[in-house]
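Trainee: Could you take me closely through one part of this structure, beginning with a single residue and then widening the view to what lies around the rest of the chain?

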Amino acid sequence: MVEQVNFNHSAGVPIDERVLAAMQPYFRTYYGNPGSVHTAGQQSAKAVENARIQVARLIGADAKDKIIFTSGATESNNLALQGFAYRNRRKGNHIILSQVEHLSIINTVKFLNKQGFESTQVPVDEFGLVNTKALEEAITDQTILISIQHANNEVGTVQPLAEIGKIAKSAEIPLHVDAVASAGQIPINVSDHGISLLTLSSNDLYGPKGVGALYLEKGIAVQTIILGGGQEYGIRSGSENVPGIVGMGLAAEIAMRQQPEFASYLTGLRDDLIQGILKKVDEAYLNGHPTKRLPNNANIRFSYIEGEAITLHLSFQGFLVATSSACTSKTLAPSHCLMSMGISEAEAHGALQLTLGRENTQAQIDRFVEVLPPIVEKLRAMSPLSKDVPYELFENEEHEHHH
Ligand code: PMP
């Protein structure tokens, strides 16, 4: 058996052993419901409050702000957008987002559009950076919320949040930030960046799956979208997932304490990976920004071949990787993110998304850089496309195939 190497951390991260150990007692010993007044309940309630403080510290939140625990980033994004839109309907009906948001944002806004909310998707440049001038111009007197991610999960581009925060502040419009891809990778501070709502995912912090959080600045009100017993300040009902929340709390604490160390380690691996591939493979191009990118992200497209085929060959060699969006590679549609960056549909299909993690090693990077070029060469030899037979000749077929 070849060693299994995970270069697909944006889809799943192995939980930190310290986190797993900290969760263990909350399954059987401290099983109480935080809503119960007896001692078992109060032990759990204390653990949840401690986790709230740990998560708040990671993002520089104030004691007066709220951290709402959810089932994950998708729920946090739904609560942020739907909850805010319903609650603030009287103030206006316009929401601004970017073209490269995660589908849990894009599809939630589409759902709101069916209920009378208007939206504007701000374009990005060739590197995936949000056009801040277009953002400013998109603001109307009906705009109630701006939702822009901190960093892109797919191509790794880090947005100019400070500038975006300033634009939102001066227009007096709350800013929601999806920080799933960036939290723990690069510093984030809600007060420095003028953020009013922020989405986090536990698993991306090396915590357990099935837990997330939504930060709400003091004074920001959202309507509940999950009704019931009134847990989580009445905003998100349902008995708390205590082991999961405890795990997310410790994961956040570790992420904050060790962020600089992890970032410098991963940046080194990432740069060797990118340089190694670009040096050894012709007509391979980096997607996303060359410098303003996440420490753990390398996204590279290879002309004339399909990312799916590369992925399959790499998995025979033990490397777990993804094509374009890690969350949507089940569909044949090309990545909306790459397309927004002006990359053609055909080229977008040749993209490989490599997301590294703390447990990856230099030896794994070196082996990958050895293993990949012959795979690309073999697939290109079988491809009908080449420098001399450009994509345009196949465009009609391409469209029949994918639509
Ligand atoms: N936002 C971003 C930027 C993501 O990458 C993801 C997926 N990892 C999500 C939101 C949704 O997260 P989940 O599937 O854990 O709910």
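Mentor: Let us begin with lysine 279, which is found in helix 8. Bear in mind throughout that the model is predicted, and that what I describe was computed from its atoms. Lysine 279 has a relative accessibility of 75% and therefore counts as exposed, the cut-off for that word being over 50%. Although valine 369 stands 90 residues away from lysine 279 along the chain, the C-alpha atoms of the two are separated by 9.6 Å.

The shell around the ligand holds 10 residues, of which the closest are Ala73, Thr74, His102, Asn153 and Asp178. Helix 4, which spans residues 73–87, supplies the largest share of the shell, namely three residues. As for individual atoms, threonine 74 places a polar side-chain atom 2.6 Å from an oxygen atom of the ligand, while an N or O atom in the side chain of asparagine 153 is 3.4 Å from an oxygen atom of the ligand. Aspartate 178, in turn, has a polar side-chain atom that lies 2.6 Å from a nitrogen atom of the ligand. On its own the ligand has 390 Å² of accessible area, and the protein covers 81% of that.

Threonine 70 deserves a separate look, and its place is in strand 2, which covers residues 66–70. With a relative accessible area of 5%, threonine 70 falls under the 20% limit and is therefore buried. Its side chain reaches the backbone oxygen of glycine 72 at 3.0 Å, and the side chain of threonine 70 also makes a polar contact of 2.9 Å with the side chain of serine 76.

Two serines complete the picture, and glutamate 347 is a partner of each. Serine 303 is found in the loop between strand 10 (297–302) and helix 9 (307–316), and at 2% relative accessibility serine 303 counts as buried, since the limit for that is under 20%. The side chains of serine 303 and glutamate 347 are joined by a polar contact of 3.1 Å. Serine 344, for its part, has its place in the loop between helix 10 (336–340) and helix 11 (345–348). At 36%, the relative accessible area of serine 344 lies between the limits of 20% and 50%, so serine 344 is described as partly exposed. A polar atom of the serine 344 side chain lies 3.1 Å from the backbone nitrogen of glutamate 347. Finally, serine 344 and proline 334 are 10 residues apart along the chain, and their C-alpha atoms are separated by 9.3 Å.

Conventions. Residues numbered from 1 in each chain as written. Predicted model: local features only at pLDDT ≥ 70, side-chain atom pairs only at ≥ 80, totals over all residues. Heavy atoms only, no water. Near = heavy atom within 4 Å. Polar contact = N/O pair within 3.5 Å; in protein donor to acceptor, adjacent residues only side chain to side chain. Areas by Shrake-Rupley, 256 points an atom, 1.4 Å probe, with all protein chains shown as cover. Helix = DSSP H or I, 4+ residues; strand = E, 2+ residues; numbered from the N terminus. Buried < 20%, exposed > 50% of the residue type's maximum accessible area, 1.4 Å probe, protein only.
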